[in-house]
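Colleague: I would like to go through this model with you. Please give the cut-offs as the terms come up.

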Amino acid sequence: MQPFSDLKNNISFEDFKTEVLNDYKIAVMSRECSLLGRREVLTGKAKFGIFGDGKEIPQLAMAKAFVKGDWRSGYYRDQTFMMAIGELNMEQFFAGLYANTNLELEPMSAGRQMGGHFVTHSLDDNGNWKDLTKQYNSSADISPTAAQMPRLLGLAQASKIFRNVDGINTNKFSKNGNEVAWGTIGNASTSEGLFFETINAAGVLQVPMVISVWDDEYGISVHAKHQTTKENISEILKGFQRDNDNKGYEILRVKGWDYANLIETYQEAGAIAREEHVPVLIHVTELTQPQGHSTSGSHERYKSAERLAWEVEHDCNAKMRDWIIESNIATNEALTEIERGIKRDVRVAKKNAWTRFLKPIQKEQHELITILKQVASSSANGVFISKLKDSLETISEPTRKDILSHARKALRYTIGETNPEKKHLGDWINTVFDNSQPKFSSHLYSETNYSNTLIKEVKPTYDENAYQVDGRIILRDNFDNIFSNIPEALVFGEDTGNIGDVNQGLEGLQEKHGELRVADTGIREATIVGQGIGMALRGLRPIAEIQYLDYILYALQIISDDLATTHYRTKGKQKAPLIIRTRGHRLEGIWHSGSQMGALLNLVQGVNVLVPRNMTKAAGFYNTLLQGDDPAIVIECLNGYRLKEKMPNNLNDIKTPIGVVETIKEGTDITIVSYGSTLRIVEQVAKELITVGIDIEIIDAQSLLPFDLNHDIVKSIEKTNRVMIIDEDIPGGASAYILNQILNTQNAYQYLDSQPKTLTAKAHRPAYGNDGDYFSKPSAEDIFEAIYSVMHELSPNDFPKLR
């Protein structure tokens, strides 16, 4: 779709009529999809529905200002927009509602997200970038309110980077940074902190972003008077309005049913953002929500009769219809005929989508019925199996759950029997699982040749007389190499730019590489991560710095709900290979203890979590990650920046492998698994244990997500027959995760002669000071005594009780 032609010039009345009527057809089609969609939920064919009815006309206006190369970051009511740009048709709308797992039929998420969540495909089947400048682009929607906002900031900032940083190959990603990032949000969701954080950051950065606030006066059942000061988001944001002396926003207001003014407003907003790189906020007022918030309830429960009557009168589709008739563009009769035809088309599309969804499932149903007949004829419990077969036959519209449940229950009746029919049933169940499980579970991480785990290790090498330097120097020089050789790479965060980060790992790099590539940000962790997600979606290689691991909690929702699920929820059609750089472990005090690993591991599946023990290892991780396409969090050791390390002579080439452990000391008595700063204490204690006759094997986990893909730890336990995990997270945190991996994934229990042990910090946050650290986290003495205790249980005579 091209930008809308000037309504007053350069267009004949006949062409104008054609364009207007085409818009009206899209609006009616979208509304009819919403109406039928709700019915499909209420009749049980679909699980849940949330639709874009009442927002059709402003979305048409937005679509006319949206050009190829632009990006959308929206929320779950933008179906009309997606239809208007040609990226969603009627059958696809219903395929999403039914959760069809066929990506060709349901290109938004292959059934992984509920309807109303939209995306376009940035990658081909091999994980290669498509030409994003030649297509309309939508980042993958998520449900958490306002969580689309941080990503929107990054999508807009990418245009600023493409326009102002030399050397980047922009062929598939940008045309001189002219792309606009378009965001949408409901008025109630502007109450979220993520909205305000993003609004402030975009005003500071001055990026080409247009944010539309769809204002229908309600947030679910709660009126705007409980949501927004003055009940008016644009009123309270007036301080952001730019003027002759100050940069800021252009703030525009328009009624959501006023077709002509909406088009003019969106054309103006697009031009300002695209040409001047100024953010724009459009407050779209007097919108309605004809079916209420969702299929979970009715808006008649909380809206007055007067409000409901007002919504009927001000319905945007009805208002546009009246305007078309008043403007002599079409008659009532002509519009009625158009509406009837569209309703027929939508019903046909719904039926076709349901048929295509159901057909492969019914095929499996018929296969199983035939198999159950055969099994029943050969089983002593044939009468019970026949009842299951009869039950399955009565289900006219089965789910895969229905089918597999019947098959697995039937298999129970054949326990103890050996015949071809039983084997056939078991094989059939296995085949269905093999074919079906990936439809729901694939692409948590990259499955292409760009997977981080496929990047081969390159070990550091050293000159014979290699000099010792502070660990931070290794990081600094490695980052310098990265920014010198990878134009798409950039880093940003609190204190990252001017002073070169709080630990000087970026010392002098802003002066050398410029303020856009080594940048300071405000204190706003969620949008720091959002900047990274958006820029990574557009082909840049951002490194988002979170000053301390503790502060990552501010951004954890964005990391968990957005970054970690991007590849999964698009079934491999979008990627955001963001690197989050942070530091943690072993700093004293409640608020900078930096060891809440268990929380991360359980909330960021889909992101690599890497815990290098020194800065050489950390440098290798950054080099590896910049060649792969999975996102990652790298947690540097806070007390390692000033520790001395040998300077490698191949710093540029070092690559630390992802998902691979390293045995840093071989031993015979017990396998010790640790990581990060705690590992250095374990190494110290190993020397002390030797003096009492205990020889431990030390394994550095290095990578927690993924963990020990080669199962090297179980090979160690097969030799030592004992294992202890030592870390400074709370009890049941990362140590429990590691132990589960070792026992249940690697099946190490079969080699154990002693109870597997964990040694962790206390359940509370660490107290301040040296003594606080000593009594809060595992000390050298704690580690010595814990390992000694295991050996005492094994041989009390050789290792008498200590205390």
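Modeller: Two strands pair if DSSP finds at least two bridges between them, and strands (E, at least two residues) and helices (H or I, at least four) are DSSP runs numbered from the N terminus. This is a predicted model, in which local features need pLDDT of at least 70 and side-chain atom pairs count only at pLDDT 80 or more, while totals for chains, interfaces and linings use all residues. Residues are numbered from 1 along each chain as its sequence is written, and side-chain values use heavy atoms, with hydrogens and water left out.

Colleague: Which residue in S21 does Thr 671 stand opposite?

Modeller: S18 pairs with strand S21 (residues 723–726) in the parallel sense, over three bridges. S18 also pairs with strand S19 (residues 696–700), again parallel, over five bridges. In S19 the residue opposite Thr 671 is Glu 697. In S21 it is Val 723.

Colleague: Is strand S18 largely enclosed or open?

Modeller: Buried means under 20% relative accessible area, exposed over 50% and partly exposed in between, with a 1.4 Å probe and protein chains only. Ile 670, Ile 672 and Ser 674 point one way from S18, Thr 671 and Val 673 point the other way, and all are buried. Five of the five residues of S18 (residues 670–674) are buried, so the strand is largely enclosed.

Colleague: What handedness has the β-α-β unit of S18, helix H22 and S19?

Modeller: A crossover is right-handed if, with the strands pointing away from the viewer, the path from the first strand over the helix to the second runs clockwise. The helix in this unit is H22 (residues 676–690), and the unit that it makes with S18 and S19 is right-handed.

Colleague: Which strands are the edges of the six-strand open sheet?

Modeller: The sheet has the order S2-S1-S3-S4-S8-S7, with parallel pairing. Within it, strand S4 (residues 209–214) and strand S8 (residues 280–285) are joined by five bridges, and Val 213 has His 283 in S8 as its bridge partner. The strands that pair on one side only are S2 (137–138) and S7 (250–255).

Colleague: How many aromatic pairs does a search of the whole structure find?

Modeller: Rings of Phe, Tyr and Trp (its six-membered ring) pair if their centres lie within 6.5 Å; planes under 30 degrees apart count as stacked, over 60 as edge-to-face and the rest as tilted. The search gives a total of 26.

Colleague: What kind of pair do Phe 195 and Phe 196 form?

Modeller: Phe 195 is buried at 0% relative accessible area, whereas Phe 196 is partly exposed at 35%. Their ring centres are 5.4 Å apart and their planes are at 85°, and the pair is edge-to-face.

Colleague: Why is the pair of Phe 479 and Tyr 622 classed as it is, and how far apart in sequence are the parts that it ties together?

Modeller: The centres are 4.9 Å apart and the planes at 50°, so the pair is tilted. Both Phe 479 and Tyr 622 are buried. Phe 479 lies in helix H15 (residues 471–485) and Tyr 622 in helix H21 (residues 615–625), so the parts tied together are separated by 143 residues.

Colleague: Which ring does the charged end of Lys 319 sit over?

Modeller: A charge sits over a ring if NZ of Lys or CZ of Arg is within 6 Å of the ring centre and within 35 degrees of the ring normal. Lys 303 lies over the face of Tyr 218, at 5.2 Å from the ring centre. For Lys 319 the distance is 4.5 Å, and the ring is that of Trp 257.
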